[in-house]
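Welcome! Please take a moment with the sequence and the 3D view below before reading on.

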Amino acid sequence: MLTYFYLAVAIIAETTGTTLIGSTAGFTKLLPTILTLSCYALSFYLLALVVKSMPVYLAYAIWSASGILVVTCLSVVLFNVHLNWQTILGLTFLVLGVVLVNIFGNVH
């Protein structure tokens, strides 16, 4: 169960870094740059721990899809981004894809 906790924290760190990256002004502002890079470093470190006990294809599918969904939601809430139906459909397919990978993704 600790694996899923690490994965959740990795997702939070990655999405925080992605949200902060705009405030770095091309990595010219020191504090936002340090925070962004620290979030990414923590995220990759935790992802490396996760793949010790979870197949990398499964961990990466969950991590990347969750990151896309969280950043999209944050963009709607924080930056007033409006989603069209095509984007919503694409996000739905993304979730469906991760579910299918979880159910049927056996690597031999």
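What follows is a short tour of a helix, a core and some aromatic rings.

Keep in mind that this is a predicted model.

**Helix α1**

Let us begin with helix α1, which covers residues 2-20. Its 19 residues should span 27 Å at 1.5 Å a residue, and the C-alpha atoms at its ends are 27 Å apart, so expectation and model agree. Several of its residues are buried, among them T3, L7, A10 and I11. What do the buried residues of α1 pack against? Their partners are α2 (30-50) and α3 (56-79).

Leaving aside neighbours within four places in sequence, T3 is in contact with V50, S53 and M54.

In soluble globular proteins, nonpolar side chains tend to be buried together. Here, the largest nonpolar core has 13 residues, and L7, M54, I62 and W63 have the most contacts inside it. Helices α1, α2 and α3 each supply at least two residues of this core, and the largest share, 5 residues, comes from α3.

**Aromatic rings**

A pair of aromatic rings is described by the distance of the centres and the angle of the planes. The count for this model comes to 3 aromatic pairs, and two of them are set out here.

| Ring pair | Distance of centres | Angle of planes | Arrangement |
|---|---|---|---|
| F5 and Y6 | 6.2 Å | 50 degrees | tilted |
| Y60 and W63 | 5.5 Å | 45 degrees | tilted |

Y6 is partly exposed, at 26% relative accessibility. Y60 and W63 both belong to helix α3 and are 3 residues apart, about one turn of the helix. An α-helix has 3.6 residues a turn, so residues three or four places apart point the same way. Is W63 buried or exposed? With 7% relative accessibility, W63 is buried, whereas Y60 is partly exposed, with a relative accessible area of 46%. Ring pairs also bring in F44, linking F44, Y60 and W63 into a cluster.

Notes:
Residues are numbered from 1 along each chain as its sequence is written. This is a predicted model: local features need pLDDT of at least 70, side-chain atom pairs count only at pLDDT 80 or more; totals for chains, interfaces and linings use all residues. Side-chain values use heavy atoms; hydrogens and water are left out. Helices (H or I, at least four residues) and strands (E, at least two) are DSSP runs, numbered from the N terminus. The expected span of a helix is 1.5 Å times one less than its number of residues. Buried means under 20% relative accessible area, exposed over 50%, partly exposed in between (1.4 Å probe, protein chains only). Contact means heavy atoms within 4.5 Å. A nonpolar core is a set of buried Ala, Val, Leu, Ile, Met, Phe, Trp, Tyr and Cys residues joined through side-chain atoms within 4.5 Å. Rings of Phe, Tyr and Trp (its six-membered ring) pair if their centres lie within 6.5 Å; planes under 30 degrees apart count as stacked, over 60 as edge-to-face and the rest as tilted.
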